[in-house]
Amino acid sequence: MTTFAYPHLLWLLLLLVPMAAYYVWRTRQGGAALQVSTVAGVAGAPRTARYYLRHLPFVLRCAALALLVVALARPRSAEHNARSTSEGIDIVLAIDISTSMLAQDLRPDRITAAREVAGSFIADRHGDRIGLVAFAGEAFTQSPLTTDQGTLQTLLGRIRSGVIEDGTAIGNGLATAINRLRESDAKSKVIILLTDGENNSGQIAPLTAADIAKSQGIKVYTIGVGTRGMAPYPTTDYFGNPVTVQAKVQIDEGMLRKIAETTGGRYFRATDKAKLQAIYDEINTLEKSKVEITEYTTFREEYLAWALAGLALLVLEFLARSLWFKSLP
């Protein structure tokens with residue numbers, strides 16, 4: 001986009017109006033004349049190109065003046081740029097992968113729903129480092145903190161039940177997530193812990209892990225997954241045939257709520273996939289990354305081309321008036 005450093009100088013272009021008016025008046029008045037007795041002998045003489053172009057020097061002079069005025073106004077192209085810097089948040093997703101996560105009260109089952117919703121959450125967190133921890137009877141790191149969303153989504157898709165000893169070691173899962181954030185220098189550190197049961201294994205008590213998180217400035221959001229009452233759970237019968245049975249949903253909400261309160265987070269209950277999605281959306285809103293945008297404009301001066309064009313027209317006007325349209329005094 002072209003702008004002018006001194007746009008008020010463009011008002012000088014109005015000088016072209018009186019110049020043109022004066023030129024027309026002077027042309028009609030006539031200039032020097034030679035008195036003769038009759039012009040009958042030359043009245044029928046053909047008119048040459050010089051006659052039809054007799055006003056060209058004045059047109060060139062006006063065009064040159066216009067170009068020089070534009071050059072004085074300093075035309076320049078403006079390029080607008082923006083540079084953004086973000087103060088990212090380090091987040092660890094701790095996901096329960098015990099066999100109870102195969103229950104089908106969330107469609108198609110709890111663990112698949114958890115993966116899909118977590119994947120959407122990750123996709124919305126540009127600039128943040130995110131890690132993955134999975135736990136059942138023990139806990140392990142599926143992915144360290146990273147900003148590589150492609151790798152993170154791939155590793156998230158590989159989370160499934162049955163890969164480690166069964167059980168629900170909430171304390172171990174939380175402690176492993178804390179360990180991933182231990183050396184983080186981010187101003188905001190968050191753990192989102194998702195489980196569908198009660199702590200029944202592991203070496204670390206969940207509330208002890210919560211106290212550790214608090215001491216390290218880590219905020220923990222806890223999510224209890226499962227409908228209220230009974231939930232359909234796939235299993236096999238005595239002969240090894242797949243069957244679905246109704247199992248009681250038992251979530252230690254008091255303990256999950258205490259973990260969240262201790263660390264300054266919040267506890268949520270997801271009774272279906274839509275509710276789980278809404279919970280992650282709310283956490284996404286609560287934990288917004290701070291982004292600073294610096295806007296700046298780069299100018300490139302263009303007056304030189306206009307000035308050279310104006311001077312070239314002045315030279316052309318001078319040559320035309322002095323050589324081609326030269327007249328007797």
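Which residue in E5 is the bridge partner of Ala-134? Some notes on that and a few other spots follow.

1. Before anything else: this is a predicted model. The chain has 329 residues, and buried ones make up 37% of them. If you take the contacts between residues at least 6 apart in sequence, 82% of them join residues at least 24 apart.

2. Back to the opening question: the bridge partner of Ala-134 is Phe-140, which belongs to E5. Strands E4 and E5 run antiparallel and are joined by five bridges. To get from E4 to E5 the chain makes a hairpin, going through three residues.

3. Is Gln-142 buried or exposed? Its relative accessible area is 17%, and the cut-off for buried is under 20%, so Gln-142 counts as buried. Its side chain has a polar atom 2.9 Å from the backbone oxygen of Leu-155. Neighbours within four places in sequence aside, Gln-142 touches Leu-132, Val-133, Leu-155, Arg-158 and Ile-159.

4. Leu-155 takes us to helix H5, residues 149-157, where it is buried along with Leu-152 and Leu-156. Looking down the axis of H5, you'd find the buried residues within an arc of 105°, so they line one face of the helix. What do the buried residues of H5 pack against? Their partners are strand E3, helix H4 (110-123), strand E4 (129-135) and strand E5 (139-146). At the N-terminal end, H5 is capped by Asp-148, with a side-chain oxygen 3.2 Å from the backbone nitrogen of Gly-150.

5. Next, have a look at strand E6, residues 189-195. All seven of its seven residues are buried, so the strand is largely enclosed by the rest of the structure. Both faces are covered. On one side you have Lys-189, Ile-191, Leu-193 and Thr-195, and on the other Val-190, Ile-192 and Leu-194. Note that Lys-189 is on that buried list too.

6. Which strands does E6 pair with? One is E3 (residues 90-96), in the parallel sense and over six bridges; here Leu-93 is opposite Ile-192 of E6. Another is E7 (residues 218-225), again parallel, over seven bridges. In that pairing Val-190 faces Lys-219 of E7. Between E6 and E7 the chain passes through helix H7 (residues 206-215), and this β-α-β crossover is right-handed.

7. Last, the aromatics. Searching the whole structure turns up five aromatic pairs. One of them is Tyr-238 with Phe-239, an edge-to-face pair with 5.4 Å centre to centre and 85° between the planes.

Key:
Residues are numbered from 1 along each chain as its sequence is written. This is a predicted model: local features need pLDDT of at least 70, side-chain atom pairs count only at pLDDT 80 or more; totals for chains, interfaces and linings use all residues. Side-chain values use heavy atoms; hydrogens and water are left out. Buried means under 20% relative accessible area, exposed over 50%, partly exposed in between (1.4 Å probe, protein chains only). Helices (H or I, at least four residues) and strands (E, at least two) are DSSP runs, numbered from the N terminus. Two strands pair if DSSP finds at least two bridges between them. A crossover is right-handed if, with the strands pointing away from the viewer, the path from the first strand over the helix to the second runs clockwise. The arc is that of the directions from the helix axis to the C-beta atoms. Contact means heavy atoms within 4.5 Å. A polar contact is a pair of N or O atoms within 3.5 Å; within protein, one must be able to donate a hydrogen and the other to accept it, and residues adjacent in sequence count only if both atoms are side-chain atoms. Rings of Phe, Tyr and Trp (its six-membered ring) pair if their centres lie within 6.5 Å; planes under 30 degrees apart count as stacked, over 60 as edge-to-face and the rest as tilted.
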